[in-house]
Amino acid sequence: MVQNCTFSAGNEGLLIKDGSLTLDSCQIHNFTRDGLQVDGESRLTIRHSTISGCQESGLEIRKRASVVLDDCHFTGQLRDGIEVNIVPGVIDPGPDPQGWFGRPVPLVGVDSSISLSNNSH
């Protein structure tokens, strides 16, 4: 677990590939490309953090990666806050999109997921 950290400025932010990481109370900002990229068979959990001011996406999710977001803020990216870059891959709202919080959001045709949470700690 990485806590109370700041990753700032440069070409690429963090790349998590075929591993796992938890970020808690971190600031990721001002990268000329993506702030975070999660690739391969990775699992990333981000809690109480802010991703801002990246010139591409704040968070790019690729291949079979899984991401859990809890009380995170994505602001000021020039492209997407969160980009899911899986082919084919669109977020499938399923029968109850209001029920996504704390549960995986399925991606059509792949074994990847994004979990959203609005828990207060």
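1. Read from one end of the sequence to the other, the protein runs β-β-β-β-β-β-β-β-β-β-β-β-β-β, with zero helices and 14 strands. Those elements are DSSP runs numbered from the N terminus, with helices (H or I) needing at least four residues and strands (E) at least two. Please keep in mind that this is a predicted model, in which local features need pLDDT of at least 70, side-chain atom pairs count only at pLDDT 80 or more, and totals for chains, interfaces and linings use all residues. Residues are numbered from 1 along each chain as its sequence is written, and side-chain values use heavy atoms, with hydrogens and water left out.

2. A word on confidence. The mean pLDDT (the predictor's confidence in each residue, from 0 to 100) is 77 for the protein, and 70% of its residues reach 70 or more. Strand β5 (residues 27–31) has the highest mean, at 96, while strand β13 (residues 104–106) has the lowest, at 47.

3. Two stretches call for a careful reading. Over residues 87–94 pLDDT stays under 50, and the model has 16 contacts (heavy atoms within 4.5 Å) for them beyond four places in sequence. Over residues 100–113 pLDDT also stays under 50, and here the model has 43 contacts beyond four places in sequence.

4. Now the overall packing. Of the 121 residues in the protein, 39% are buried; the classes are buried under 20% relative accessible area, exposed over 50% and partly exposed in between (1.4 Å probe, protein chains only). Taking contacts between residues at least 6 apart in sequence, 30% join residues at least 24 apart.

5. The structure holds one disulfide, that is, a pair of cysteine sulfur atoms within 2.5 Å. Cysteine 5 is joined to cysteine 26, with an S to S distance of 2.5 Å. The link is right-handed, with 105° about the S-S bond. It ties together distant parts of the chain, 21 residues apart: cysteine 5 sits in the loop between β1 (2–3) and β2 (6–10), and cysteine 26 in the loop between β4 (20–24) and β5. Both cysteine 5 and cysteine 26 are buried.

6. What about cysteine 72? Cysteine 72 is in no disulfide, and the nearest cysteine sulfur, that of cysteine 26, is 9.6 Å away. Cysteine 72 counts as buried because its relative accessibility is 19%. Cysteine 54 counts as buried too, because its relative accessibility is 0%.

7. Aspartate 34 deserves a look on your screen. Its place is in the loop between β5 and β6 (36–39). Aspartate 34 is buried yet has no salt bridge, and the nearest side chain of opposite charge, arginine 79, is 5.7 Å away. For reference, a salt bridge is a side-chain nitrogen of Lys or Arg within 4 Å of a carboxyl oxygen of Asp or Glu. A polar atom of the aspartate 34 side chain lies 3.0 Å from the backbone nitrogen of serine 57. Setting aside residues up to four places away in sequence, aspartate 34 touches Glu12, Gly13, Cys54, Glu56, Ser57 and Glu60.

8. Last, asparagine 85 in strand β12 (residues 82–85). Asparagine 85 counts as partly exposed because its relative accessibility is 30%. Apart from neighbours within four places in sequence, asparagine 85 is in contact with Glu60, Ile61, Arg62 and Lys63. Its C-alpha atom is 7.2 Å from that of lysine 63, which is 22 residues away along the chain.

Note on methods. Lys, Arg positive; Asp, Glu negative; His and termini not counted. Polar contact = N/O pair within 3.5 Å; in protein donor to acceptor, adjacent residues only side chain to side chain.
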